[in-house]
Amino acid sequence: MRVNRAWLGLVVLALPTLLVAIDTTALLLALPQLSADMGATNVEQLWISDSYGFMVAGMVITMGTLGDRIGRRRLLMIGAAAFALLSVVAAFATDPLMLIVARALLGVAGATLAPSTLALITNMFRDERQRGQAIAIWATCQFTGGALGPVLAGFLLQHFWWGSVFLVAVPAMGLLLLAGPVLLPEFRSDRAGLLDPASVGLSLVSVLSMVYGVKQLTVESVPVVPAVALVAGAAVGALFVRRQLRLETPLLDLRLLRNRPFTAVLVALVFAGIAMAGTGLLVTQYLQSVLGFSPIVSAMLFAPMGLGVAVGTMAAPALARRMRQTTAIAGGLVGSALGSLLLVGVGGAGALPLVMIGIAVLALGTGPLFALGTGLVVGSVPPERAGSAASMSETGNYFGGSLGFALIGVVAAVVYRSRMDGTSDSLSGAVAASRHLPADQGAQLLDAAREAFTAGLHVTGVVAAVIFAGLAVLVLTMRPATRTGPVALPDREATRS
């Protein structure tokens, strides 16, 4: 009976995870329509799209640790209620400022969901095999939702107004609020201490400054402001680290990093995020700007990347039963490297099949890392610190994605500009310029720009392959994580209610 209750509880946790992921990516397709209806400027569009992610990144550390202290189920219920209410506010926003504020507050509420659900799964499934299966299902919901989001948005936008994309998550939050108190256990540490406001402020300023700096590197021609933001964020981050090491009950227990498998998996999650986000950025632009597909068709053609990760995460527990977890993760990363190399051959009449196979293989290989690696992270710490460990995992994923857009985007831009001999800064700029040229000259400019962009995609494939191969070596050299004391930390009792 207890096992059945745990699996029913997993359904309650997984459904909101799926629909929140759908809600997050669906906005990308809805942004042009809502911007036109509201008359949003380019700057306001950026804040509409980025305010949610900024606040999730800035608050996830605080929320992960707060759940350990006040109760993970309690924090999850508060976050779900706030997310449902704010989704309705966003759907019926009347001006850009109202939508930006609603999206930012949605990010605060969203920051409670991932670490709380992952930490609760760790508490509900004490058997290592069952916990691995549960985490794989949880991760599958995240990636499946991300892949289906643009497709669902395209359907909704054909039949309803843009606000409908925000309302998708409301029923799932309602189900969580109704069933959560019955099916989900409460868990908290009875010696966690009070939340340190100074640590919360330092973590928020540091993360927001660094994420802002990384994102702005890709859109500003003069990198002074992004560089200042990055330096300021690093300086505040150093103060945060120093304070955490001195506190008896820190906001984020950095002593967890003494566990080598824990640290190695976090590094792998960050760099895999870099490779996947950077590759995804180039491939989506390639589908639209080089091959000429519409946004909705491009979203459907790009779906194999998200679905590939989902299949890989679901297959991970079965692989782990036949081989060591580190071997399964490393083998998957080797497959991702091979999938990345397929992108090097993209071009000509067979470009589309090669792109789709490449991103599918690349994504499939990362599944064991996201499923088993996340399990290694939360399984390496005592149960009362699972929320803190989960928040570190989520922060690593988000930073990886942000860095991927910036770093690989910059590499591809450098390749593009060098191939164009400085005559064009971007493919979109070349498309716009071609409209003001005679037909022959415009066609020549577009052909050259598309070839240059394709060269950038080839380089991206090589970079991603090197990253995945390096991570495979890293994972093979780490020791398996166990629950029995790899981290030299004081014991704390945990209470259930």
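Visitor: Which residues does Ala 412 touch, not counting residues up to four places away in sequence?

Guide: This is a predicted model, in which local features need pLDDT of at least 70, side-chain atom pairs count only at pLDDT 80 or more, and totals for chains, interfaces and linings use all residues. Residues are numbered from 1 along each chain as its sequence is written, and side-chain values use heavy atoms, with hydrogens and water left out. Contact means heavy atoms within 4.5 Å. With residues up to four places away in sequence set aside, Ala 412 touches Leu 282, Gly 456 and Thr 460.

Visitor: Does Ala 412 count as buried or exposed?

Guide: Ala 412 lies in helix H14; helices (H or I, at least four residues) and strands (E, at least two) are DSSP runs, numbered from the N terminus. Buried means under 20% relative accessible area, exposed over 50%, and partly exposed in between (1.4 Å probe, protein chains only). Because its relative accessibility is 9%, Ala 412 counts as buried.

Visitor: How many Å apart in space are Gly 404 and Gly 273, C-alpha to C-alpha?

Guide: Gly 404 also has its place in helix H14, and with a relative accessible area of 0% this glycine is buried. Leaving aside neighbours within four places in sequence, Gly 404 is in contact with Ile 274, Ala 277, Gly 278 and Gly 409. Gly 404 and Gly 273 are 131 residues apart in sequence, while their C-alpha atoms are separated in space by 6.7 Å.

Visitor: With which residues is Leu 113 in contact, leaving aside its neighbours within four places in sequence?

Guide: Leu 113 is found in helix H4, residues 96–124, and counts as buried because its relative accessibility is 10%. Its C-alpha atom is 9.0 Å from that of Leu 13, 100 residues away along the chain. Apart from its neighbours within four places in sequence, Leu 113 is in contact with Val 20, Leu 76, Gly 79, Ala 80 and Phe 83.

Visitor: Of the contacts in the chain with a separation of 6 or more, what percentage do residues 24 or more positions apart account for?

Guide: The chain has 16 helices and two strands. Of its 497 residues, 54% count as buried. Among contacts with a separation of 6 or more, the share from residues 24 or more positions apart is 83%.

Visitor: Which helix gives the most to the nonpolar patch?

Guide: Val 334, Leu 338, Leu 341, Val 344, Val 462 and Val 466 form this surface patch, with about 490 Å² of accessible area together (Shrake-Rupley method, 1.4 Å probe; for residues, only the protein chains shown count as cover). Helix H12 (325–342) and helix H16 (439–476) each supply at least two residues. With three residues, the most comes from H12.

Visitor: Does Val 466 count as exposed or buried?

Guide: Val 466 has its place in helix H16. Because its relative accessibility is 56%, Val 466 counts as exposed.

Visitor: What percentage of the accessible surface of the chain belongs to carbon and sulfur atoms?

Guide: The accessible surface of the chain comes to about 20500 Å². The part that belongs to carbon and sulfur atoms is 68%.

Technical notes. Patch = residues over 30% accessible without salt bridge, like charges linked within 9 Å, V, L, I, M, F, W, Y side chains within 5 Å. Salt bridge = Lys/Arg side-chain N within 4 Å of Asp/Glu carboxyl O.
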